Amino acid sequence: MRILYIAPKSPAPVTDGGCFAMMECLKALSQLASIDGIILETHKHPYTKESERILGQYLETQTVIPVSTEIKPVDALVHFIRRKNYNLARFKSGRLHHEIARKLREKYDYIVCDSLFAAAQLSHFDFRELAPVIIRSHNVESEIWKLHAELETSVLKRFYLRTLEKTLRKEELEILNKAAVVWAISAEDRDWISQHTRQKNTLLLPVSVAVNPERSADYRNDGFFHLGSMDWKPNQEAVNYLVKNLWSNPKLSGIPLKIAGSKSEHFRFLATGSIEVIGWVEDSSAFLSSAGTLVTPIRSGSGIRIKLLEAMALGVPCVTTHLGAAGINIPESGIQVAENEAGFVEILLKLHENAAFREEVGTKARNYISKVHSFDACIELMKHTFGV
């Protein structure tokens, strides 16, 4: 079996949750087929020698296309006036279209597009003339922008964000309807796609997360941390909420809180006597297992939070919102959920004061990951799609 795999950024090296999910998908696909890759290179995710080395373990060929995805105000205005979505348009180019057309002349059994942004590169082709197209949906992208608009206080910005959401939703639905199969990353996204599109083949394909038996959380640590890429708005909102709404509370203000992840060094102004801004961490697994309890009060976005799954796989106790726990079975997983300041303070204090409770929550989370997000389970779901 031959597959053409299209990624909107280099999955390797793994620098964020999106890269992690892509690499896990690619690893599983490589167990079942021979894969040629088309990789978009962006300014945020450059393709390096390390990328080539890692991806070479799973791809037979690598076609790398540089794409300028930087936001250009004039282009954004033109797309706004024409009612075209600028989010998707930024990933398109004439050279990319040419390279995809060239690869499509080869014979493939399936085309796997890792995210809506990858699938959008096929929008000018007739899907009926292509090998069956599978879209790996990381999020319902238009829902992210809908939530951004609802949270925006500026009237003009809210109007602009709502326009972005409407144009994105129109194109998103059109692309999803054309696919032979959609692999949704969470049950919530699967249900949304089933309800809002004509797509009859939407399947739940959880991201696989390995449980390392040689590394686990340190339940002696009674502090808290947030780990995530800070160029992603939901993480920025979560950290601001932590600092301004929770750690301003006298009951929590003296408890250690670490803020870490890509670009977090730009938020060092948030540091206080008890709040430490770490910046980029080289070994996220080591950091996760030693930093205490993960707290991430997510208030926007869609899909599943990969960093939560990584933490849970290590037995780290986790606290988030219902939205942050999207795609996770809350009762089975042990994940702790709150929606307001009082709820967060109550849960955080209980975890801070009770090591046995931290271990109980973390152990339940680790067992859940072993059961639901194993690599073998994801392979079997892929086999079902391919009929092998």
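Strands (E, at least two residues) and helices (H or I, at least four) are DSSP runs, numbered from the N terminus, and two strands are taken to pair if DSSP finds at least two bridges between them. The model is predicted, and local features need pLDDT of at least 70, side-chain atom pairs count only at pLDDT 80 or more, and totals for chains, interfaces and linings use all residues. Residues are numbered from 1 along each chain as its sequence is written, and side-chain values use heavy atoms, with hydrogens and water left out.

Within this sheet, strand E1 (2-7) is joined to two partners. E1 pairs with E2 in the parallel sense over 6 bridges, and Ile 6 stands opposite Ile 38 in E2. E1 is also joined to E4 by 4 bridges, again with the strands running parallel; here the bridge partner of Tyr 5 is Val 112 in E4. Of the 6 residues of E1, 5 are buried, so the strand is largely enclosed by the rest of the structure. Buried denotes under 20% relative accessible area, exposed over 50%, and partly exposed the range in between (1.4 Å probe, protein chains only). Val 182 has Thr 202 of E7 as its bridge partner. Contact means heavy atoms within 4.5 Å. Together, E1, H1 and E2 make a right-handed β-α-β unit, a crossover being right-handed if, with the strands pointing away from the viewer, the path from the first strand over the helix to the second runs clockwise.

A second open sheet is formed by 6 strands with parallel pairing, in the order E10-E9-E8-E11-E12-E13. Strand E10 (275-279) and strand E13 (336-337) stand at its edges with a single partner strand each, so one side of each is left without a neighbour in the sheet. E12 and E13 pair in the parallel sense over 2 bridges, and the bridge partner of Val 319 in E13 is Gln 336. Helix H14 (residues 341-353) packs on this sheet, touching strand E8 (224-227), E11, E12 and E13, and its direction makes about 175° with that of E12.

Helix H12 (residues 306-313) packs with helix H15 (residues 355-372) at an angle of about 110°, and their axes are 7 Å apart. H12 is therefore roughly perpendicular to H15, a term covering angles of 65 to 115 degrees. On the H12 side, the contact is made by Leu 309, Met 312 and Ala 313; H15 contributes Gly 362, Ala 365, Arg 366, Tyr 368 and Ile 369. Because 7 of its 8 residues are buried, H12 is largely enclosed by the rest of the structure. The buried residues are Ile 306, Leu 308, Leu 309, Glu 310, Ala 311, Met 312 and Ala 313. These buried residues of H12 pack against H1, helix H11 (284-290), strand E11 (293-296), strand E12 (318-320), helix H13 (330-333) and H15. Just after H12, Gly 315 takes a positive phi of about 80°.

Two further helices carry residues considered individually. Thr 167, in helix H8 (residues 155-178), is buried, with a relative accessible area of 9%. Its side chain is joined to that of Asn 85 by a polar contact of 3.1 Å, defined as a pair of N or O atoms within 3.5 Å; within protein, one must be able to donate a hydrogen and the other to accept it, and residues adjacent in sequence count only if both atoms are side-chain atoms. Leaving aside neighbours within four places in sequence, Thr 167 is in contact with Arg 83, Lys 84 and Asn 85. Lys 146, in helix H7 (residues 141-151), counts as partly exposed at 32% relative accessibility. Lys 146 touches Glu 165 and Arg 169, not counting residues up to four places away in sequence.

Key
Axes are lines fitted to C-alpha atoms, for helices over the stretch in contact, and angles run from 0 to 180 degrees between N-to-C directions. Angles under 35 degrees count as roughly parallel, over 145 as roughly antiparallel, 65 to 115 as roughly perpendicular and the rest as oblique.
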